[in-house]
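Here is a friendly briefing to read with the structure open beside you. Take it one topic at a time, and look up each residue as you meet it.

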Amino acid sequence: MRAARLVLGAAGLLLLAAGVRLLITGSPADAPRQVAVWLAGAVVLHDLALAPLVLAAGLVVRRLPARRAVRGGLIVAGCLTLVALPPLLRPGEPRNATALPLDYGRNLVLLLAATALATAAAAAWRRARRPGPGSPGA
Amino acid sequence: MRTFIPFRGRLHDARTATAVGRWLGAGVLVCFLTGLISHGLQTPPGWLAPHLPARPVWGYRVTQGLHVATGIALVPLLLAKLWTVYPRLYVRPPVRSVRHALERASIAVLVAAALLEVALGLANIAQWYPWPFGFKRVHWALAWVLCGALLLHVAVKAPQIAAHWRRPAPGTDPDAGERRSLLLGVGAAVGAVTLVTAGQSLTPLRATTLLAPRRPDGTAQGLPVNRTAAEAGVAHVSGAAWRLQVTGPRPFHLSLAELRALPRHRARLPIACVEGWSASAWWEGVRLADLLDRAGAPEDAFVRVVSLQKRGGYRVMEMGPHYARDPLTLLALRLNGEVLSPDHGFPARIIAPNRPGVWQTKWVRLIEVLR
């Protein structure tokens, strides 16, 4: 175990160094600094915006009935939205008629509606399957 | 664990991190390996170029389709993993020892590289480049950083991963039901984002392609296009004036009519883009090998193909003998039963098996036998 960990860790450090070297050599001189800014930006955006938003949503959801189904639905809806963002936010016309050919806004709305329906169905199914606190045998 | 902010929620634990993390790790590895394959096929180092295989025909289609589909599936996995370990960001005291500081620094690198790498990929497939640096080089370099930081992370956390690899015995874990529910939600998200995007390369999912950047059955002769004739500055090529020039021991040139009179072959080959979309089509044209024989090219010769296009980084293409001599490699004149449209490379384009789309050179004017 110990030897395997050392080998794995050393391999990791080697790949990491290779990546940093690729980033520094052969790129325009200011590329490494720009990439560092974007790396930090990604962490800041996640740690100080996205994650707190999700945790706040979690605080609300845990007080709801059928919270597990709602949480599942929100995870699906959130991920679908993130995947739809690049085509939605990209400025300018697509490069040609075959690039970004779909109505992404409409499709996202349809998918979010379908997710809401599936969430409601999952919640109803769970409730039907599980006897309530007032029913015999509970 | 003590943190600066109290986290009372459940599932911020090692078992959940392991359960999500192993799928995330597997996904990152798939992306790294398929990325290596793509890089090797697209910009092979000199020692590799003569050995690139023309089989399987669908090789690049599958590996690159998998690369992008897996990258999209990483969105829920990565965010779920980061959510699980998020309280650790506020661990008290922030630094306990040199070892702890190093570990936290390596995790910062891992998280930053993972977030940016996935984001760059997602934006790239939508052909959106809001950053100031070159996508290809940075996505390539960050892949090594990410994979390295991941291996290091697994090495550091190996005891915890091993301890939490298996589900706790039934009845001993109060969070089991809660965790199963969370993992079900994350799994559903992976399924959902895959279902609505993978159809751009996986034909059976065509009907549910709701958020993919491409449809496999794009409008132009049934195939998507990346660089149009107008973009490449070759919108008005006259078939009557066009000549194909072939250099080699016995150089020659052909008019379009002469080229059409040569023995024709048909091949069903996919066109597969680095951006993840792909589609198969029927191509008809002259075997490249026949043209090379006519020029007296040696069997093991490399070939350079030059396009008429005025703009773009893929104007000049080279291929090794495995591709050039493959009976399926065509100088195609027709696509799905019709003369090539300008956007698909009229009057003639290369189509070869197991190659990235950018090297399926369109608007060919010159074929050079090298060495």
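**A first look at the core**

Setting aside its neighbours within four places in sequence, Leu116(B) is in contact with Trp38(A), Leu39(A), Ala42(A) and Leu142(B); two residues are in contact if their C-beta atoms, placed from the backbone, lie within 7 Å. This is a predicted model, in which local features need pLDDT of at least 70 and side-chain atom pairs count only at pLDDT 80 or more, while totals for chains, interfaces and linings use all residues. Residues are numbered from 1 along each chain as its sequence is written, and chains are lettered from A and ligands numbered from 1 in the order in which they are written.

**Nonpolar cores**

- A nonpolar core is a set of buried Ala, Val, Leu, Ile, Met, Phe, Trp, Tyr and Cys residues joined through C-beta atoms within 7 Å.
- A residue is buried if 20 or more other C-beta atoms lie within 10 Å of its own, exposed if 12 or fewer, and partly exposed in between.
- The largest nonpolar core has 83 residues, and those touching the most other members are Leu80(A), Ala113(B), Leu116(B), Leu146(B) and Val193(B).
- Apart from that core lies another of 39 residues, including Val234(B), Leu244(B), Ala267(B) and Leu331(B).

**Where the chains meet**

- Chain A brings 54 residues to the contact and chain B brings 60 residues.
- On the chain A side, α1 (2-24), α2 (31-61), α3 (67-89) and α4 (104-129) each give two or more residues; helices (H or I, at least four residues) and strands (E, at least two) are DSSP runs, numbered from the N terminus.
- The most comes from α1(A), with 14 residues.
- By class, this side of chain A has 37 nonpolar, 11 polar and 6 charged residues. Here Ala, Val, Leu, Ile, Met, Phe, Trp, Tyr, Cys and Pro count as nonpolar, Asp, Glu, Lys and Arg as charged, and the others, Gly among them, as polar.

**Chain B as a whole**

- Chain B contains 9 helices and 10 strands.
- Its C-alpha trace spans about 80 × 45 × 40 Å along the principal axes.
- Of the 371 residues in chain B, 46% are buried.
- Among contacts in chain B between residues at least 6 apart in sequence, 73% join residues at least 24 apart.

**Two domains in chain B**

- Domain 1 covers 14-208 and domain 2 covers 220-370 of chain B, with bounds that come from an automatic or database domain assignment.
- The centres of these two domains of chain B, taken over C-alpha atoms, are 36 Å apart.
- In chain B, 23 residues of domain 1 are in contact with 20 residues of domain 2.
- On the domain 1 side of chain B, α1 (14-42), α2 (59-85) and α3 (98-125) each supply at least two residues, and α2(B) has the largest share, 7 residues.

**Backbone details to find**

- The peptide bond between Arg55(B) and Pro56(B) is cis, with omega about -5 degrees, and Pro56(B) is in the loop between α1 and α2 of chain B.
- Another cis peptide bond runs from Arg92(B) to Pro93(B), with omega near -5 degrees; Pro93(B) is in the loop between α2 and α3 of chain B.
- Gln127(B), which is not a glycine, has a positive phi near 55 degrees.
- Is Trp363(B) buried or exposed? Trp363(B) counts as buried because 25 other C-beta atoms lie within 10 Å.
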